Amino acid sequence: MVRVLIVDDTAFMRKLLKNILFSAGFDIAGEAENGKQAVELYKQLKPDIVTMDIVMPEMNGIEALKEIKKIDPNAKVVMCTAVGQEQMMKMAIKLGAKGYIVKPFQAPKVIEELKKVARI
Amino acid sequence: MPETKLIAEVFDKDWVKVEVLIGEKSMTIGKETLDFRAISDLELTQHAKKECIRIKAGRDIFINFGEKQKSVFRYLAFNMKSDKFAVYFLSPAIRGGVLVSDSKWEKGYFSITESAVWFLSPEKQIRIPLSSLGSVSMDKRTVGEKQRLVLAITHMDEKEVVTSFILCPETTLELLQGYLKRILEQQKPKERLSELEEQILTMVYTGLDSASIESILGIKTDDLNKIYDKFVSLGIARIVKVRKEIELTPKGVAIVSESAKKLGGGRSG
């Protein structure tokens, strides 16, 4: 089962993603509400995929992506963003993000994107 | 399109075969001549069990051109009464939250008719009813290795949010943004939604069912139903299914008891 770490500063968005992914057969390895927490949890949990919000307090998603890639260059991180953050997204892809989803999203599309990244 | 004679079907209580002559500025359907400038909108639709074009010209004309449908539709879309702006467009750029990887920038027109806006190019004639528009905003995108100001438009298409981008001179972008914002302002619900209501709306869009929404937000069915009723009254949602809640009668309980016995049959406890 593919284990996912969900990173988003809003509890609502985390719950939403958790529900979508759990229903699709993903295992929720953990949740983090900022980049710093995400890096720590990544070290501990070693998830197969991370869904990473970009705009977050403490440490944003781009910085967290960099740190995670330092720990594990093969980490599969899917960025989660809103329309209007193309530059951030491009930077994330350059830094090794494997995919991205744009809010508002629909469950089947999110599942499709994560399955693609997980190569299921 | 050079002057073309076609046999089509027009709906007049039933589908009737008719000769259509399509010219440069008008078309003749049977004995009636229709100036293209009199066409205020059109769409590909289904009517009386047939795929056809609905032409809005004072009244609705339903006409089926059979295998020539798409080419006639394209010709009419370019020639009907509309305000056309030469633009580059990328549509769809994002669908349901995921980038549409095979979509590319096209040279064409952003066209405005009475009840829709259109992306027009020789390959695409995308009609977006004004009622389907979601949002409009300026965005910076990389186009041909340059940072360009574009207009991002979202609309609903088959229950998905689709984002499209328009690139054209900035003065035109501002004009289009102003026009679309005015339309959106008119369509906004009169009442502001609470944070909880906005969350529920997002969850419905995401595709969650009522039971999941209740469980995630920790709210009761009756409270959720009240919020759904509000959405419906504001015109931002419609009812597609009425959920039933049941309790068992003694007969039903008896069946469950029997079933439990069967399940426990081979085991000691």
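This passage describes the two chains of a predicted model, one after the other, and then the contact between them.

Along the principal axes, the C-alpha trace of chain A spans about 35 × 30 × 25 Å. Of the 120 residues in chain A, 42% count as buried. Contacts across the sequence can be described as well: among those in chain A between residues at least 6 apart, 59% join residues at least 24 apart.

The UniProt record, in an unreviewed entry, lists A:Asp53 for "modified residue: 4-aspartylphosphate". A:Asp53 is found in strand β3 of chain A, which covers residues 49–53. Is this residue buried or exposed? A:Asp53 has 26 C-beta neighbours inside 10 Å, and the cut-off for a buried residue is 20 or more, so A:Asp53 counts as buried. Once neighbours within four places in sequence are left aside, A:Asp53 is in contact with A:Val7, A:Asp8, A:Asp9, A:Met13, A:Gly61 and A:Cys80.

Attention now turns to chain B. The secondary structure of this chain comes to six helices and 15 strands. Its radius of gyration is 26 Å, well over the 18 Å that the globule rule gives for 269 residues, so chain B is more spread out than a compact globule. A box of roughly 85 × 50 × 40 Å, taken along the principal axes, holds the C-alpha atoms of chain B. Of the 269 residues of chain B, 23% count as buried. Among contacts in chain B with a separation of 6 or more, 42% come from residues 24 or more positions apart.

Within chain B, seven strands form an open sheet in the order β4-β3-β2-β1-β7-β6-β5, with antiparallel pairing. The edges of this sheet are taken by β4 (32–35) and β5 (41–47) of chain B; each has a single partner strand, so one side of each is left without a neighbour in the sheet. From one strand to the next, the twist averages 35 degrees. Further in, strand β2 (residues 14–22) and strand β3 (residues 26–29) of chain B pair in the antiparallel sense over three bridges. B:Ile22 stands opposite B:Met27, a residue of β3(B).

Finally, the two chains touch each other. How many residues does each chain bring to the contact? Chain A supplies 20 residues and chain B supplies 22 residues. On the side of chain A that touches chain B, α1 (11–23), β5 (99–103) and α5 (107–118) of chain A each supply at least two residues. Of the elements of chain A, α5(A) gives the most to this side, with six residues. By residue type, the side of chain A that touches chain B divides into eleven nonpolar, three polar and six charged residues.

Note on methods:
Residues numbered from 1 in each chain as written. Chains lettered and ligands numbered in written order. Predicted model: local features only at pLDDT ≥ 70, side-chain atom pairs only at ≥ 80, totals over all residues. Contact = placed C-beta atoms within 7 Å. Helix = DSSP H or I, 4+ residues; strand = E, 2+ residues; numbered from the N terminus. Nonpolar A, V, L, I, M, F, W, Y, C, P; charged D, E, K, R; others polar. UniProt positions renumbered as here; feature names shortened; annotations may be inferred. Buried ≥ 20, exposed ≤ 12 C-beta atoms within 10 Å, placed from the backbone. Pairing = 2+ DSSP bridges. Axes fitted to C-alpha atoms, helices over the stretch in contact; angles between N-to-C directions. Rg over C-alpha atoms; globule rule 2.2 N^0.38 Å.
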